[in-house]
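Please look over the sequence and structure before reading on.

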Amino acid sequence: MRLLVTGAGGFVCRSIIAELLVHPAYEIIALDRAFDPELVQRWAGKVDMVTGDVDAATLSTIDFDAYIHGAALTASADESGMTPIANLRANLDPAFALIEAAGPNKRGILISSDAAFRETRGPISEDVVPVPLGLYATAKRTIESMVDTLRTLHGYDVTVIRFGSVYGPEEKVRETRPRLSRVGQYINEALTMGTITADAPDETHGWTFAPDIGRAAHALLHETWNHPLYNMASGDVMTNLEVAQIVQQLIPGTEIVVSDDQLPPHPRQGYLVSERLRDDIGFSSWTPFADGVAQIVHAAQTEQPS
């Protein structure tokens, strides 16, 4: 299978590709605007890397059988220096171009986020309808609705995978993703400063290990899709303080500083559940949160200069 992965140099999609490379069934074409030098070296001879935009001109040069569309801009309009409409189009136009280039018969997985919800509480199944607020949220909800329509009314072989808070190795700030996750932020603080500032300590998020998304995507690519949307979530729900305490246990000597600032509650305190993924394709192999964080800490400590 010649599998095209867009946004391939980013945090989540490079984790997906790392897992797919384990399987000889794939010939992977990685598309991104730029690739980190160490990634180019690692993928040399293993991945066909294409530098460019996800647009009709670039896609016309690529021969592919199926795709995972992960290219996304999470930076706000202000952060990206765009007008609101240009920021919205930066997430929607590539999806339109890719689906149009692929046509109805090529299998396609598009990526969404729980950011499509303006507010959540408790467990969130795929049957809960998002009400978005914000440009990124609106784009993701639009992609979900578009896939549902194309699949249900026009026979396109497409589906969406949605996840919440993702953590994993090689997380870094990029122009298109200007913020680290809480996990990445806390590990970086602990290793460089010896402290963790746990603001909003009672704020709750559901966490999923990025490599698990790659394993789930592999399983999904080889099964019948009964639905236009699948949550990918481990079920590990942690407060910010609990995350900080796990990092502290793994990096001895780290001090946790609980912020005294009284921040308003985050509107998304809910968490995705993935029973549909388990029931449809039998996937439930999620890395326990502490084990995933331990892998990141070990990799970060190994990379640090002695």
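**Cavity, pocket and rings**

The largest cavity has a volume of about 40 Å³. The model is predicted. A search of the whole structure gives seven aromatic pairs, and the second largest pocket has a volume of about 360 Å³.

**The cavity**

- The count comes to one cavity of 30 Å³ or more.
- His69, Gly70, Ala71, Asn91, Ile111, Lys140 and Ile143 line the largest cavity.
- By class, the lining of the largest cavity has three nonpolar residues, three polar and one charged.
- Empty space of this kind is found by rolling a probe the size of a water molecule over the atoms.

**The second largest pocket**

- The lining of the second largest pocket is made up of 15 residues.
- Glu171, Ile187, Asn188, Ala300 and Glu303 are the lining residues that lie nearest the centre of this pocket.
- Two helices, H7 (182-193) and H11 (289-303), each supply at least two residues of the lining.
- Helix H7 gives the most to the lining, with five residues.
- Seven nonpolar, five polar and three charged residues form the lining of the second largest pocket.

**Aromatic pairs**

- A pair of aromatic rings is described by the distance of the centres and the angle of the planes.
- Among the seven aromatic pairs is that of Tyr167 and Phe209, which is tilted because the ring planes are at 40 degrees, with the centres 5.2 Å apart.
- This pair links distant parts of the chain, 42 residues apart: Tyr167 belongs to strand E8 (residues 165-167) and Phe209 to strand E10 (residues 204-209).
- Both Tyr167 and Phe209 are buried.
- The rings of Phe283 and Trp286 have their planes at 85 degrees and their centres 5.1 Å apart, so this pair is edge-to-face.
- Phe283 has a relative accessible area of 8% and is therefore buried, while Trp286, at 16% relative accessibility, also counts as buried.
- Tyr167 and Phe209 also belong to a cluster with Trp207 and Phe289, linked by ring pairs.

**Charges over rings**

- The charged end of Lys106 sits over the ring of Phe64, at 4.3 Å from the centre of that ring.
- Arg107 lies over the face of Trp225, with a distance of 3.7 Å to the ring centre.

Conventions:
Residues are numbered from 1 along each chain as its sequence is written. This is a predicted model: local features need pLDDT of at least 70, side-chain atom pairs count only at pLDDT 80 or more; totals for chains, interfaces and linings use all residues. Side-chain values use heavy atoms; hydrogens and water are left out. On a 1 Å grid over the protein atoms alone, a cavity is a set of points where a 1.4 Å probe fits but cannot get out, and a pocket is an open set with protein on both sides within 12 Å along at least five of seven lines; lining residues have an atom within 4 Å of a point. Grid points are joined across faces, edges and corners, and a volume is the space filled by probe spheres set on the points. Helices (H or I, at least four residues) and strands (E, at least two) are DSSP runs, numbered from the N terminus. Ala, Val, Leu, Ile, Met, Phe, Trp, Tyr, Cys and Pro count as nonpolar, Asp, Glu, Lys and Arg as charged, and the others, Gly among them, as polar. Rings of Phe, Tyr and Trp (its six-membered ring) pair if their centres lie within 6.5 Å; planes under 30 degrees apart count as stacked, over 60 as edge-to-face and the rest as tilted. Buried means under 20% relative accessible area, exposed over 50%, partly exposed in between (1.4 Å probe, protein chains only). A charge sits over a ring if NZ of Lys or CZ of Arg is within 6 Å of the ring centre and within 35 degrees of the ring normal.
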